[in-house]
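Dear colleague,

Please find below the structure that I am handing over to you. My notes on it follow directly after.

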Amino acid sequence: MALKMVKGSIDRMFDKNLQDLVRGIRNHKEDEAKYISTCIDEIKQELKQDNIAVKANAVCKLTYLQMLGYDVSWAAFNIIEVMSSSKFTYKRIGYLAASQCFHEGTDVIMLTTNQIRKDLSSPNQYDTGVALTGLSCFVTPDLARDLANDIMTLMSHTKPYIRKKAVLIMYKVFLKYPESLRPAFPRLKEKLEDPDPGVQSAAVNVICELARRNPKNYLSLAPLFFKLMTSSTNNWVLIKIIKLFGALTPLEPRLGKKLIEPLTNLIHSTSAMSLLYECVNTVIAVTKIVLIIVRINILSCTVVKYLGLLAMSKILKTHPKSVQSHKDLILQCLDDKDESIRLRALDLLYGMVSKKNLMEIVKKLMIHVDKAEGTTYRDELLTKIIDICSQSNYQYITNFEWYISILVELTRLEGTRHGHLIASQMLDVAIRVKAIRGFAVAQMAMLLDNAHLLAGNTQRNGICEVLYAAAWICGEFSEHLEDPLQTLEAMLRPKVTTLPGHIQAVYVQNAVKLFAAVLTRRETAGEKQAAQETTEMLIEKLPQFVQSADLEVQERASCILQLVKYIQKLQAKEVSVAEEVTALFAGELNPVAPKAQKKVPVPEGLDLDAWINEPPSESESEDEKPKAIFQEDEPKHSRPRLTELDEQELARRREARKQEQANNPFYIKSSPSPQKSYQDTPGVDHIPVVQIDLTVPLKVPGMPISDQYLKLEEERRLKQKQEKKDKKKKKKKEKHGKSRRHDSAHTESEEDIAPAQRVDIVTEEMPENALPSDEDDKDSNDPYKALDIDLDKPLADSEKLPVRTHRPSRTEGLKSPDVDTTAEEQRPKKSKEKDKKKDKERKVCYFSGHKDHLFNLLQNPSNHQHLNYKVYDIQGNLQDGSQVVVSVIFENNCTDFLKSMEFNVLDSLNTRLVRPSGASVHDGIAVPFQLPPGVSNEARFVFTVQSIVMPQKLKGTLTFIVKTEDGSTHEKLDFKLHFTCTSYLITTPCYSDAFAKLLESEELKVNALKLDSINMPFHHLLAKICFHHHFSVVERIDSCASMYSRSIQGHHVCLLVKSVSMPSCGQ
Amino acid sequence: MQFMLLFSRQGKLRLQKWYVPLSDKEKKKITRELVQTVLARKPKMCSFLEWRDLKIVYKRYASLYFCCAIEDQDNELITLEIIHRYVELLDKYFGSVCELDIIFNFEKAYFILDEFLLGGEAQETSKKNVLKAIEQADLLQEVRMTCCEQWGEI
């Protein structure tokens, strides 16, 4: 109602208000951008008007546009104008706009300090409230420092409305200005017992947030919070307190016992699910007693189900058994409509599997894989299945045959991205579990035979990756193949050429391995004719690969083609070749740790970066014939030469292959490893090699024929069921045999081999000289780190919030000498000397910003662990009116050598660092010296300035290298350069008569200002002013002194300094 | 709480409140990403999701999505409660609130939010107190307005 009236009155006042803008945007859907740009133009016009109401309206519209994503940072100053309006209506809009649009980078934010301070102390609580709300959104470290004291005062305001806001905003202030935490904390603690519940809950909020990050500092508050917890009925507060206890208990185990009772009470009594959840979470973290799971899981609402699963995953880490009993419930969750619940459930399953239930769980998952609609979820399922099975080095798999068939089944998934994953699993298992190779090879041969099913949609999916694994396994372990010829034929089908190049390459390579196997069998059987036929087939089929566009395939194929042709020649001479061909691939391959290669130490005196031969010149590279030429050349070679070349080629390629395999974790190195020459060094010897000896071979006679995937699956499931039955029966009666031989073999193998079938994981050893790489753990950017402050120590006197008593006088001062020069550009500056003559009673004349500068100089020296720097002077350049020289003293504090220091400053529009020509604004300037430990030196940097009438603060960084005994580290030091107005003055001597003339000329402007609380002898003060602010003393009479200086642009600045009552108040 | 977003089913942003300092560019990126993610979820799905290192809690009221980002240790259910409480406040203030109310009086929606949350923490848990504060502030505004108008007429 009130709203409507307000709205109505605004409506009448302006042509286009926010509502019109919104309506307009909605009506201009098709040319929104254009419409808005005209609106922005209008707003710009409105902002130029003097009427604050119009301005506020414009700012309001801008806030809306900002939300739509338009840049309104240009209006920052107008927003401040509206903020400073005395009318609440506009102030409110101004602060809203500021809270939406300002951020730490907004430069005008500094201008708001005084306005905010004024509003904070406004008699109207809503003014204060609005200022606090706004401040909470855009508080910067500077604002926090300047306003911390004001906000702290507000914490004891009479109105609870203000108190609670002030308490809450203190958290933001602490984050930005950690020094304020200790001085403010006692009062914050008081607020925990504030009579107003709102203030109390605000204080609880703040302390809980603080304590969560650094619990150890808040342990002493535990009794107080305990009292609050047992007395409070506000669920919002309770949740926070309980969360706080969750953070505290790990540090103080006794708390846990005390908490159990109240927490269990809450758990049983509360109806608020959020509170219950918090309690449960804390109980899990704290007491490790699991009594409540059931209650959460009974509840059916999705949201709670999700959280229940989340909580269970936490319990799982400590108490896997208690969760495992809820397996069915979790499996049910897999049927949930919500994907996130299903994923959570999957996560849980991962932790729940055991040797006993693995097959069952995976079977369930397989059913889900079939049903799953979205590919993302299905892919997730797929990876989870593989994760579950392969976790802790296949710890839970008792039957690898089963696992292989699962993998094979997974290949039937369409459109999965994880072909690669499946392939690597197949390789891994086939290589590392020797006993399974026979079965694996049979399955892979089947896959190859049905390659068309997988390869049919090469473009769309990555599943054909498994063919890579299949081909390699069949080739490498061809001795296990039932019918190598059939597989060989399958691998040489024309369809294969549609596969990706890297798979074809493996095909070609492994075709030869199979060929060798076929030859061996034929020759031992004495079927020379059949052997020759195989050779012919190979010669007939290989050219299709020779024509491949893939270089790798082409090279391998043409090589092998020549080899086979040579074999054919030999065969024609009735020479038995099988042995020799097999010898090409002889040797056992053993698995190697993925990181083994890296760990081989570099032998003494070997420089890996040095050229072994001269860098290849261009003429040399011509010697290596490009592929096309090589092909053309081929027919020209005479036969004997060809074979020679072939053998060289083969040797070279074998070498290459070995190297490639050495880098591939899934390849097994042949025993004469490339690293053989290093064998006396420990690195290689220590790489564990998997040795698996199965007591019972897992040979399955009569494998189902490849095409019948479905049948296979059914059979497999049947088999599984039977296995399970077997198991049960076995438990009852140890020696109960099954009628089918292979089944009993399974069972036996499962039961007996379980321990033996552990796949040894290759431990990841680090070489001795490896550098620990975890040093970057510490996150220096964590804002909460800074708040890790001991709060129990009594406050020291020095720890007070900065109270800027001299600030008001400073603002006055700002209007004085410096600023005025802008107005009267060329005129000499006013002098306070007039005061001296006209008004002897006037106590003080003082240069503005003066004390500030002293302050800055004292503040500047920053204690860094390595480097101490101190801006000791900023001085104008006599020769050039637009330059100042900054002298910086660097002092090396540490015991190490510092070098390569680079000084860089972020230029502002007004002030720029003078860099050597050609350097960009981001380049630093090298400091022309190095610093041995304990030494200090001075460097000077030149800056150009445009206007000398405003103070400037520049941010900069210093980078340097610390050279220690064990290497060198890069370090960085951030600093701020303060240019006050006096930085631009040049010490110029002036005689008293010239000075008097200047004063008489009436060209100077006058301003005066009084400063209290300066406690130093007058002559010290004068010396300081002279040194830091570049004045020279013209005349000194007792406790008065006239001083003079000139700016780099020629303005005269005269200064009268008087001490009012000596010596306590020197001015 | 790190930030709160209100957006429509069409993905149009209706309100945004950031309690962490971020550049405009980042804000836009996050908003875009989140709006897409949340809108893609089906109605029956759970209100929580993990996103980057934050947890997102969202809830749909009529055509508007209320979406909050909280930290890892924060309580999702209480965040849901906060969202609900905010909706209740809007509802009380506007009288059965609809999306258009928030579009056309978006500054009011902000004022209410600011009275309810400060710096990402719940400031006032009592609905009555929040509304009282808002009404009084509005009244103040109105009084000033009327004075202002009168002066204008004179």
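Helices (H or I, at least four residues) and strands (E, at least two) are DSSP runs, numbered from the N terminus.

Please note that this is a predicted model, in which local features need pLDDT of at least 70 and side-chain atom pairs count only at pLDDT 80 or more, while totals for chains, interfaces and linings use all residues. Residues are numbered from 1 along each chain as its sequence is written, chains are lettered from A and ligands numbered from 1 in the order in which they are written, and side-chain values use heavy atoms, with hydrogens and water left out.

**Strand β14 of chain A**

Of the eight residues of β14(A) (1040-1047), seven are buried, that is, under 20% relative accessible area with a 1.4 Å probe and protein chains only.

**Helix α29 of chain A**

Six of the eight residues of α29(A) (484-491) are buried, among them A:Leu485, A:Leu488 and A:Met491. Their cover includes α26, α28, α30, α31 and α32 of chain A.

**Interface of chains A and B**

Contact (heavy atoms within 4.5 Å) links 66 residues of chain B with 71 residues of chain A. The two chains bury about 6,500 Å² between them, 58% of it on carbon and sulfur atoms; this is the accessible area (1.4 Å probe) lost on being put together, summed over both. Seven salt bridges cross the interface, each defined as a side-chain nitrogen of Lys or Arg within 4 Å of a carboxyl oxygen of Asp or Glu. In the salt bridge of B:Glu121 with A:Lys240, the closest N and O atoms are 3.2 Å apart.

Kind regards

Note on methods
Buried < 20%, exposed > 50% of the residue type's maximum accessible area, 1.4 Å probe, protein only.
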